[in-house]
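Here are my notes on the model you sent over. Have the structure open while you read, and click on each residue as it comes up.

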Amino acid sequence: IMASAKNAVIAGDYEKCAIGAAAPKNIFILKGLKQIKLNHDMVESYEVMNSETSKSAASAVGRGLVGNFLLGPIGMAAALSAKNKGIYVVAIQFKDGKKSLIELDDKKYKVLMAALF
């Protein structure tokens, strides 16, 4: 059975909000009727989490370097479990200080990368 991406915020600010996208570069978090755009005007930085960054992040957390950004053990568990092909977990740091961990399928991930490029 192929696991499918949630296309949602799985931890942090906006948790449980859905992610919507309209190609080619329009991707957003749906919070009620409001759309929070994911683009370079709103996003300070992002990191695509995979088993490699999760391991280095885990050791960095031990040294206190990454700390808050990984959204604690929930974020770490989500990132470590994102080993399914075609599912991407991305940690987003917004310019307003909010942080979200989002899970995307391949299609929405490509829109996100285009929007943040």
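1. Let's begin with contacts along the chain. If you take the contacts between residues at least 6 apart in sequence, 56% of them join residues at least 24 apart. Keep in mind as you go that this is a predicted model.

2. Next, the parts list. The chain has three helices and seven strands. Reading from the N terminus, the order of elements is β-β-β-β-β-α-α-β-β-α. Of the 117 residues in the chain, 42% are buried.

3. Now look inside. In soluble globular proteins, nonpolar side chains tend to be buried together. Here the largest nonpolar core holds 20 residues, and the ones touching the most other members are Ile-29, Leu-38, Ile-92, Phe-94, Ile-102 and Leu-112. Four elements each supply at least two residues of this core: β3 (26-31), β6 (87-94), β7 (99-105) and α3 (106-116). Which of them gives the most? That would be α3, with six residues.

4. Leaving out neighbours within four places in sequence, Leu-112 is in contact with Ile-27, Leu-38, Val-90, Ile-92, Ile-102 and Leu-104. There is also a second, separate core of six residues, including Ala-11, Val-89, Ala-91 and Leu-101.

5. Stay with Leu-101 for a moment. Leu-101 sits in strand β7, and its relative accessible area is 1%, so it counts as buried. Val-89 is 12 residues away along the chain, yet the C-alpha atoms of Leu-101 and Val-89 are separated by 6.8 Å.

6. You'll find Tyr-14 in the loop between β1 (8-12) and β2 (18-22). Is this tyrosine buried or exposed? Tyr-14 is buried, because its relative accessible area is 13% and the cut-off for buried is under 20%. Setting aside neighbours within four places in sequence, Tyr-14 is in contact with Val-9, Ile-29, Lys-31, Ile-36, Phe-94, Asp-96, Lys-98 and Ser-100. From Tyr-14 to Leu-30 is 16 residues in sequence and 8.7 Å in space, C-alpha to C-alpha.

7. On to the rings. The count of aromatic pairs comes to two. One is Tyr-14 with Phe-94: the ring centres are 5.8 Å apart and the planes are at 80 degrees, so this pair is edge-to-face. Because Tyr-14 lies in the loop between β1 and β2 while Phe-94 lies in strand β6, the pair ties together parts that are 80 residues apart in sequence. Phe-94 has a relative accessibility of 2%, so Phe-94 counts as buried.

8. Tyr-88 and Tyr-109 also pair up. Their ring centres are 3.7 Å apart and their planes are at 5 degrees, so this pair is stacked. Since Tyr-88 is in strand β6 and Tyr-109 is in helix α3, the pair ties together parts that are 21 residues apart in sequence.

9. At 22% relative accessibility, Tyr-88 counts as partly exposed. Tyr-109, with a relative accessible area of 15%, is buried. Why do they get separate labels? The cut-off for buried is under 20%, and partly exposed begins where buried ends.

Conventions. Residues are numbered from 1 along each chain as its sequence is written. This is a predicted model: local features need pLDDT of at least 70, side-chain atom pairs count only at pLDDT 80 or more; totals for chains, interfaces and linings use all residues. Side-chain values use heavy atoms; hydrogens and water are left out. A nonpolar core is a set of buried Ala, Val, Leu, Ile, Met, Phe, Trp, Tyr and Cys residues joined through side-chain atoms within 4.5 Å. Buried means under 20% relative accessible area, exposed over 50%, partly exposed in between (1.4 Å probe, protein chains only). Contact means heavy atoms within 4.5 Å. Rings of Phe, Tyr and Trp (its six-membered ring) pair if their centres lie within 6.5 Å; planes under 30 degrees apart count as stacked, over 60 as edge-to-face and the rest as tilted.
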